[in-house]
Structures are given as C-alpha cells and as structure tokens.
Amino acid sequence: MHSSGKTKPHRRLRILVVDDNIDQVHTIAYLLKDRGHHVDYAINGIVALDLAQRTKPEVVLLDVKLPDTSGLELARQFRRNPELKGVRIIGITATPLSSEDALAAGFDELHKKPLDPRLLDALLEQR
C-alpha cells in the first residue's frame, strides 16, 4: 500500500471506523490516514457511540456485525442523537443484508467487505 501517486483529498474528513476485526480497522485506517484524513476507530458499539459523541465524525464506516450490538442498532442510535444526525454512515458487511434494511436503520449506503481502496476514495469524494 504505497502512497506514491496518490493525491490528497480535496477536503480532510474526520472519519470513524467501527469494526471488530482489528486487522480490517488497521488496513482501512492506514489507507485513510495516507490520504490525509483524520481517523478514529472502535472495535465495538459502546466505544463507537462514545467516541462519535466526543469527536463528531463526518463519516462513519460501520461494520454491520459487531460483538456487543448490531451495526443496524448502532446506526439507529447515531440517528437519534441530535449531534450525530448529519453524519454519513457507510455500512460495510461480510454477511448478507438487504439494502432496504440498512437504509431503514439509518445507513446512507451499504457495501461488501473488503472495501476496494478505489471505491473508498470515490465514496469519500462524494462527501
């Protein structure tokens, strides 16, 4: 994952990565930091909600399946919190889930794991 030739984003984003797979978290965080974004991460829902309330991310990359809660429930909690209502929530999943269920829970979109770095760049440029 060499960064030469990569351009920095037009705007630096504050991003929260929530995934119980620490290797996945480190990989995504490395890619995002390499592109100039500020990245925080959590490996469970309790920490994620607390961290989001303190750091006010603009984007959350949220695993659908977490050890202590579902990503669907966590997305609902983000949407109920007035300070987090505007956050863009991008769901990432290795397990089948309908887009309708994800959208109903508060996700803005849903993508399969692993996220392709080019797709990740495109998603963040849409912000």
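**Helix H1.** I started with H1, whose 13 residues reach 18 Å from first C-alpha to last, close to the expected 18 Å (1.5 Å times one less than the number of residues). Helices here are DSSP runs of H or I with at least four residues, strands are E runs of at least two, and both are numbered from the N terminus. This is a predicted model, where local features need pLDDT of at least 70, side-chain atom pairs count only at pLDDT 80 or more, and totals for chains, interfaces and linings use all residues. Residues are numbered from 1 along each chain as its sequence is written, and side-chain values use heavy atoms, with hydrogens and water left out.

I looked up what is buried in H1 and got Gln-24, Val-25, Ile-28, Ala-29, Leu-31, Leu-32 and Asp-34. Buried means under 20% relative accessible area, exposed over 50%, and partly exposed in between (1.4 Å probe, protein chains only). The buried residues of H1 pack against E1, E2 (38-42), E3, E4 and H5, with contact meaning heavy atoms within 4.5 Å.

At the ends of H1, I noted Asn-21 as the N-terminal cap, with a side-chain oxygen 3.0 Å from the backbone nitrogen of Asp-23. A polar contact is a pair of N or O atoms within 3.5 Å; within protein, one must be able to donate a hydrogen and the other to accept it, and residues adjacent in sequence count only if both atoms are side-chain atoms. After H1 comes Gly-36, with a positive phi near 95°.

**Strand E1.** I found four of the five residues of E1 buried. E1 pairs with E2 in the parallel sense over five bridges (pairing takes at least two DSSP bridges), and Val-18 has Ala-42 of E2 as its bridge partner. The chain goes from E1 through H1 to E2 in a right-handed β-α-β crossover: with the strands pointing away from the viewer, the path from the first strand over the helix to the second runs clockwise. E1 also runs parallel to E3, joined by four bridges, and Ile-15 partners Val-59 there.

**Helix H5.** Which residues of H5 are buried? I get Leu-120, Leu-123 and Leu-124. Their directions fall within an arc of 95° seen down the axis, so they line one face of H5; the arc is taken from the helix axis to the C-beta atoms. Asp-116 caps the N-terminal end, 2.6 Å from side-chain oxygen to the backbone nitrogen of Arg-118.

I logged a cis peptide bond between Lys-113 and Pro-114, omega about -15°. Pro-114 sits in the loop between E5 and H5.
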